[in-house]
Every structure is written in C-alpha cells, then in structure tokens.
Amino acid sequence: MDKIWKKEFTIAALNATEKNMVKYLDIEFTDFGNNFLEATMPVNEKTHQPFGLLHGGASVVLAESLGSLAGYLCLEDKNKAVVGQEINANHIGSVRNGKVTGRAEPIHLGRTSQVWQVTIKDEKNKLICVSRMTLAVINV
C-alpha cells in the first residue's frame, strides 16, 4: 500500500505532544510504516480490571488513541480534523501483566469519514483485542 500520511511526524514528536488519557495510561507510540501506526501500553494497576486482567476499556482507549491520531495524520487540509463516531471492540484474549501493542491500519480513508482497524496483541504475539472505529472528518 502507498504511504497514507499527509503530515510529517516522528515517533518522538508524537510522544511529546500526547497528553491526558494517553499520558495517564503510559501509552507510547513506537512504530509506523507506510500504512500503520503502533503504540504500546503497560498492563498494570492503571489498566487492570478488578480481577487483575487488562480492562477492556483500557484496550478501547489504546485503540481509539491510535485510530484517532492515525486519522489526523492522514489529513492534508489544515482546516479539517477527525472525531470518533463509533468504536467497537472484541476482547478475544486476556493478559495480566507486561505490555500490549496496538496496531492501527486503515480500512477506508474517505473525504468525510475514515474507518480504522486496531489489533492489540500481548508480548507473545497473542491476539487480545480487535477494534474497529469510524471517524468523521469535520471542519475546524
């Protein structure tokens, strides 16, 4: 697939500008290619549910953070932004500790909407979650 990014960026710059939920959960952007963006998130007391497993909501935060940022980086027009319209997640596996890696890849990059798929895997490359999100492309 051809390069989808319309904005110039580095991993260091992405990590320096992210705040709020991304910073709180220690999500770190780690890699990108022509058509994907990756980030890791630790599985620890911040991301556990009451039984000591990765919380499904934390997986969704990772997925939405990746998809939204990737969607923004695909916009050429400075007067446009992306906002989440819908997200779903299938929690397929569980993990108690370590780190998970999310990878966002586009399914559709349109003029008014984008659809992204995010797969989340553990350190053994076991599938933990598959998420799909729709972004609306809006005027700012």
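Select Lys46 to begin: with a relative accessible area of 33%, this residue is partly exposed, a class that lies between buried (under 20% relative accessible area) and exposed (over 50%), judged with a 1.4 Å probe and protein chains only. The model is a predicted one, in which local features need pLDDT of at least 70 and side-chain atom pairs count only at pLDDT 80 or more, whereas totals for chains, interfaces and linings use all residues. Residues are numbered from 1 along each chain as its sequence is written, and side-chain values use heavy atoms, with hydrogens and water left out.

Lys46 sits in the loop between S2 and H3, and Asp26, 20 residues apart from it, in the loop between helix H2 (21-24) and strand S1 (28-33); helices (H or I, at least four residues) and strands (E, at least two) are DSSP runs numbered from the N terminus. Asp26 is also partly exposed, at 36%.

Next, select Glu38, Arg103 and Glu105, which are linked in a network of salt bridges. Arg103 pairs with Glu38 at a closest N and O separation of 2.9 Å, and because Arg103 lies in strand S4 and Glu38 in strand S2, this pair ties together parts that are 65 residues apart in sequence. The closest N and O atoms of Arg103 and Glu105 are 3.8 Å apart. Glu38 counts as buried at 15% relative accessibility, while Arg103 is partly exposed at 27%.

Move along strand S4 (residues 98-109) to Ala104, which is buried at 0% relative accessibility. Its C-alpha atom is separated by 5.8 Å from that of Gly67, 37 residues apart along the chain. Beyond its neighbours within four places in sequence, Ala104 has contacts (heavy atoms within 4.5 Å) with residues including Phe36, Leu66 and Trp116.

Trp116 leads on to the largest nonpolar core, which has 36 residues and in which Trp5, Phe29, Leu37 and Trp116 have the most contacts; such a core is a set of buried Ala, Val, Leu, Ile, Met, Phe, Trp, Tyr and Cys residues joined through side-chain atoms within 4.5 Å. Helix H3 gives the most to this core, with eight residues.

Finish at Ser131 in strand S6, a residue that is buried at 2% and that touches Trp116 and Val118, among others.

Methods: Salt bridge = Lys/Arg side-chain N within 4 Å of Asp/Glu carboxyl O.
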